Protein chains: 2
Amino acid sequence: MDRRLKESLDRIFFPRSVAVVGASTETDSPGSLLLRSLLDMGFEGRLYPINPRHEEVMGLPCHPSIATLPESVDLAILSVPPAAVPSLVGECARRGVAGCVVNTAGFSETGREEGRILEERILEAIRGTSLRLVGPNCMGVYSSRGKVALFAGMFPGHGRLCMISQSGSLASITFLTALERGLTFDRIVSSGNELDLNCADFLEYFLEDPEVEMVLAYLEELRDARRFLRAARRARGSKPVILMKGGRTPGGSRAAASHTAAMGGSSEILKGALRQAGVIQVRDLGEMLDTACALHYLPRPRGKRVAVVSSPGGLAVNAADAAEEAGLELAPLAPATVKRLRDLLPPVGTSPSNPVDLGFGAVKPGVYAQVLRAVDADPSVDLILAVGSAPASRKGDPGLLQAITEEMVQAKEEVRKPMVAVLFPGSFLAPHFLRLHSAGIPAYPTPTSACRALACHLWFHSASGCPPP
Amino acid sequence: MDRRLKESLDRIFFPRSVAVVGASTETDSPGSLLLRSLLDMGFEGRLYPINPRHEEVMGLPCHPSIATLPESVDLAILSVPPAAVPSLVGECARRGVAGCVVNTAGFSETGREEGRILEERILEAIRGTSLRLVGPNCMGVYSSRGKVALFAGMFPGHGRLCMISQSGSLASITFLTALERGLTFDRIVSSGNELDLNCADFLEYFLEDPEVEMVLAYLEELRDARRFLRAARRARGSKPVILMKGGRTPGGSRAAASHTAAMGGSSEILKGALRQAGVIQVRDLGEMLDTACALHYLPRPRGKRVAVVSSPGGLAVNAADAAEEAGLELAPLAPATVKRLRDLLPPVGTSPSNPVDLGFGAVKPGVYAQVLRAVDADPSVDLILAVGSAPASRKGDPGLLQAITEEMVQAKEEVRKPMVAVLFPGSFLAPHFLRLHSAGIPAYPTPTSACRALACHLWFHSASGCPPP
């Protein structure tokens, strides 16, 4: 990518000095919350609240303006009324500020002429200068190592995921929802109306960094689609790009226009181009994180032949259906594996072929783990889907589910193939899900969601077949 | 339905006397667990353990055989080796027993000739008698009012749902997973290989009972499809039938054959016939219970125009997309409603048209509830989708999410139209989900699942359009 662009973005995401324009002694004002977010993150550089009405804000000396600062700061965060933004941005440019985050809303997304005109004036103010701009109508940047946050209360996650989101709220919700799956972020940008820096700039920047593992995106408009697609294509097979497109439908598209001034393109053509570029398209946050989990935790798959191992038989059938509906194939187990499973399992109420049915209820200790190792050793198996549950009782028999979870974790130490887990029933099981994630086993609430994620994982790595719809 | 069939089924589901053949002093034997399940349920009728080797089991006098019982019991539960089943069933028939549950597995589902021959001998033993049989290879019956259970540890749920499941384990898992959504069952049958009584018998029986609200089914084979479809068609618009078909794919179908000896039919033809009959088809337990929630909690819908109300804007766009992708329409709000919303909401970072965006973070107390009431009052709105979330922070800001939840609950007291909720993020929120369900608001983890459930609800009641795939 362009060297000067990279330098600007480095200064925005890893700033040594930050000015917050609009911070005040009112602790609930947007500017104060942004200053609070830097303090909560433990920002280690020089921090300058800017407000002509105060001498001190949150224990920090307050400066009257950008012009009077003792240095050219790397990043200026602007939370001021829309009409004040163009001249303020101009002041930042003249003072040699590297990047501005314009949090302020009320521009082209309002649909009103004055909003559009204000945006033109902002562009005029930075034309010919080195100042780059994030927003307006955004929450700006989160950087775990740079110790910058979108919202007060965030904290360094020390992860290797990045996110580009045209919605600040969605970025924040993703940050929190990812946590419970053990996924944490290195950098996030809430890019808003993308008047200057756009999603293609951020995608190039993130994908070219060797520290970054994958990029999630929530976009209502691909403002530089050609460059975005090129960057994704170059990373295919090494760094996944998972995209949730907002405004896929006429209704959603109208909503996106008033949200971030997004202009909807032809959805089917865009979908096809994204698929060509290897971008994994998802419909909602659940699918986005399901897929991210698979790609984060699993080794590269060799093929699409899955072995289903299930403690109850009904779920084994359902998992087999889900696997084939997601475009996977049930692995035909080798005769030696079937014989090994026959020796391990009781003769009645079980099945030693694929899907392997271990029966329901009290499986002998160690058997679940041995079955997982046996299918892992079979050369005709590429992927493993492990399903577990326990009979209904007033307490949901946590003992048995815990035992199954522990056997999955124990087997994982030796299992070499991509393995995912499905546990029933849902919300009683949050601790078991956390345990599996911490052992590197992505866990799902249904076979459908597990198989969808596996199929995305496979499609990304193999560049063949078709991703799930 | 046939009067004699109904009488037999009444005696099986509401027995005054039950014999458990195979109960023993070994507390872990299958027969003992079945006896334990009756004691755990608080079965109030006469209970007879049958075992020639014991005088007493679990504090109850033990009888040597069915023949020596002091009465013709309503229900005999048989947990004995497969070879002993035919003669034992014959003995039950001669003694005037109304129904037998044959738990034993090892029949036609094994694929072996001897299993098939044993099943023929069972049929011979009951031919020309009034004895009716559940199973073999099943867990039998659960009856909340009859106080009979499938598994030890179950309890009366006092609900009005029924379930027919060819998998006992799946019935048990459904029972438990439904609990966390406030859904409880009146009756469940685990019907196994369906040698005698089949899913069509049970569907007719459940649907004709005025106490029953809806029927869930997990079936690997529709053994009397014509009668099953006729019963569902008659109930369309009043009692939903939600079906998860096992063995929809070649792989799943092979698995089903070894699970319950199911013979797969042509899947596309069957799917079309089921749709014609108004049966709601789902792919997994998650979709089954999502749909059951909508149909249980929501009033009859008038149309498909949905109002989306969202506290964050990105989710508003995503919910609008999900609604249109599920075949719903975004309601065009009346000018008076838009004006009312404009008065309620801050001018920037919000949207007063549909999807209504309340902004993110601290919404003024009472506003969320007022917005819900305003869209409910709009005559162009048929359905309401309420989305809530809160900014990321180390604790997930439970205060704000709790406030949104309480405003949804508060508004529900006046809201007259079908309303569903979506809350982010997932597992931190189990208590909020329970609170919403207890207030009669079905709650979902994503807009996709919520809209799918709404669309099923609408399709069932309107008999027009197409259900989601």
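This report covers the domains, interfaces and backbone exceptions of a predicted model.

Local features need pLDDT of at least 70, side-chain atom pairs count only at pLDDT 80 or more, and totals for chains, interfaces and linings use all residues. Residues are numbered from 1 along each chain as its sequence is written, chains are lettered from A and ligands numbered from 1 in the order in which they are written, and side-chain values use heavy atoms, with hydrogens and water left out.

**Chain A overall**

Chain A holds 16 helices and 19 strands. These are DSSP runs numbered from the N terminus: helices are H or I with at least four residues, strands are E with at least two. The C-alpha trace of chain A spans about 80 × 45 × 40 Å along its principal axes.

Chain A is assigned domain 1 (1-137), domain 2 (157-297) and domain 3 (300-461). The bounds come from an automatic or database domain assignment.

**Two interfaces**

The size of an interface is often given as the accessible area lost when the parts come together. Here buried area uses a 1.4 Å probe and is summed over both parts. Contact means heavy atoms within 4.5 Å.

| Interface | Buried area | Share on carbon and sulfur atoms |
|---|---|---|
| Domain 2 and domain 3 of chain A | about 1,500 Å² | 63% |
| Chain A and chain B | about 5,200 Å² | 63% |

**Domain 2 against domain 3**

The C-alpha centres of domain 2 and domain 3 of chain A lie 31 Å apart. Domain 2 of chain A brings 22 residues to the contact, and domain 3 of chain A brings 14 residues. The rule finds 1 salt bridge across this interface. A salt bridge puts a side-chain nitrogen of Lys or Arg within 4 Å of a carboxyl oxygen of Asp or Glu. Arg452(A) and Glu287(A) form one at 3.4 Å, N to O.

On the domain 2 side, β13 (280-282) and α10 (285-297) of chain A each supply at least two residues. α10(A) gives the most, with 7 residues.

**Chain A against chain B**

Chain A puts 69 residues into the contact, and chain B puts in 70 residues. The count between the chains is 2 salt bridges. Arg248(B) and Glu325(A) meet in a salt bridge at 2.7 Å, N to O. Polar contact links 20 residue pairs across the interface of chain A and chain B, both at pLDDT 80 or more. Elements giving two or more residues to the chain A side include α5 (168-179), α8 (250-260) and α11 (313-325) of chain A. α11(A) has the largest share, 10 residues.

**Backbone exceptions**

Most residues other than glycine have a negative phi, and most peptide bonds are trans. Asn137(A) has a positive phi of about 60°. Asn137(A) sits in the loop between β7 (132-134) and β8 (140-143) of chain A.

The peptide bond from Gly135(B) to Pro136(B) is cis, with omega near 0°. Pro136(B) lies in the loop between β7 (132-134) and β8 (140-143) of chain B. The bond from Asn354(B) to Pro355(B) is cis, with omega near 5°. Pro355(B) falls in the loop between α12 (335-344) and β16 (356-357) of chain B.

Conventions
Buried area is the accessible area (1.4 Å probe) that two parts lose on being put together, summed over both. A polar contact is a pair of N or O atoms within 3.5 Å; within protein, one must be able to donate a hydrogen and the other to accept it, and residues adjacent in sequence count only if both atoms are side-chain atoms.
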